[in-house]
Amino acid sequence: SIYGASRLVRCFPPNWLTAWIIGFTIFQNWLFHGPINSLFKPQFYQLAGWQQDAHELIQQVPHTGSLAAQNFLLPHLSQRESYSLLPEIKDADYIAVVLNYSGPDFYGPPLDKLQEQLDQLIATNQYHIIWQKNQSLLLKRVK
């Protein structure tokens, strides 16, 4: 790429070449529905309902204690001594989940299986709900 660019710079003025590359890139993104197209979609600038609930859930999780959370929540909540990635719970003091998550989840159970797991934990009185908004839940271990 560098060798080819150096040969092109000898043949064409650098400003013209830069403008051509940028223009062609924008055209290619438009033609093949690349990521630049997202800038023109209104939903790019708005949070989905589950995202707003997830932000509120993150604020509700205590800073101390161990935690089990979904893959997309854990980076925001991992500043603690002990945490695990659902479906593993280990000895978590808290469980944070968003059951109406619509993004890609590359790890973890499907949402219906996760709902079953949580229902089982609540039914056996191992955890109870301490915060809920729509389908975002924060559970605390019963001691």
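Me: A salt bridge is a side-chain nitrogen of Lys or Arg within 4 Å of a carboxyl oxygen of Asp or Glu; how many salt bridges does a search of the whole structure find?

Reply: The search finds two salt bridges. This is a predicted model, in which local features need pLDDT of at least 70 and side-chain atom pairs count only at pLDDT 80 or more, while totals for chains, interfaces and linings use all residues. Residues are numbered from 1 along each chain as its sequence is written, and side-chain values use heavy atoms, with hydrogens and water left out.

Me: What makes Glu56 and Lys133 a salt bridge, and which elements hold the two residues?

Reply: Their side chains meet at 2.7 Å, N to O, and the pair qualifies because that distance falls within the 4 Å limit. The pair links distant parts of the chain, with Glu56 in helix H3 and Lys133 in strand E4, 77 residues apart; helices (H or I, at least four residues) and strands (E, at least two) are DSSP runs, numbered from the N terminus.

Me: Why are Glu56 and Lys133 called partly exposed?

Reply: The scale calls a residue buried under 20% relative accessible area, exposed over 50% and partly exposed in between, using a 1.4 Å probe and protein chains only. Glu56 has 33% and Lys133 has 30%, so both are partly exposed.

Me: How do you know that Arg141 forms a salt bridge with Asp93, and what does the pair tie together?

Reply: The closest N and O atoms of Arg141 and Asp93 are 2.4 Å apart, which is within the 4 Å limit and therefore counts. Arg141 lies in strand E5 and Asp93 in the loop between strand E2 (83-85) and E3, so the pair ties together parts that are 48 residues apart in sequence. Arg141, at 28% relative accessibility, is partly exposed, whereas Asp93, at 18%, counts as buried.

Me: Why is no salt bridge assigned to Asp53, although this residue is buried?

Reply: The nearest side chain of opposite charge is Lys133, 4.1 Å away. Lys and Arg count as positive and Asp and Glu as negative, with His and the chain ends not counted. The 4.1 Å to Lys133 is not within the 4 Å limit, so Asp53 has no salt bridge.

Me: How do you know that the buried residues of H3 lie on the same side of the helix, and what do they pack against?

Reply: The buried residues of H3 are Trp50, Asp53, Ala54, Leu57 and Ile58. They cover an arc of only 140° around the axis, which puts them on the same side of H3; the arc is that of the directions from the helix axis to the C-beta atoms. They pack against helix H4 (74-77) and strands E3 (94-98), E4 (127-133) and E5 (136-141).

Me: Why is Ser136 called buried, and which residues is Ser136 in contact with?

Reply: Ser136, in strand E5, has a relative accessible area of 0%, so this residue is buried. Contact means heavy atoms within 4.5 Å, and, leaving aside neighbours within four places in sequence, Ser136 is in contact with Asp53, Ala54, Leu57, Val97, Val98 and Trp131. Trp131 is found in strand E4 and, at 15%, is buried as well. Counted in the same way, Trp131 touches residues including Asp53, Glu56, Leu57 and Ser136.
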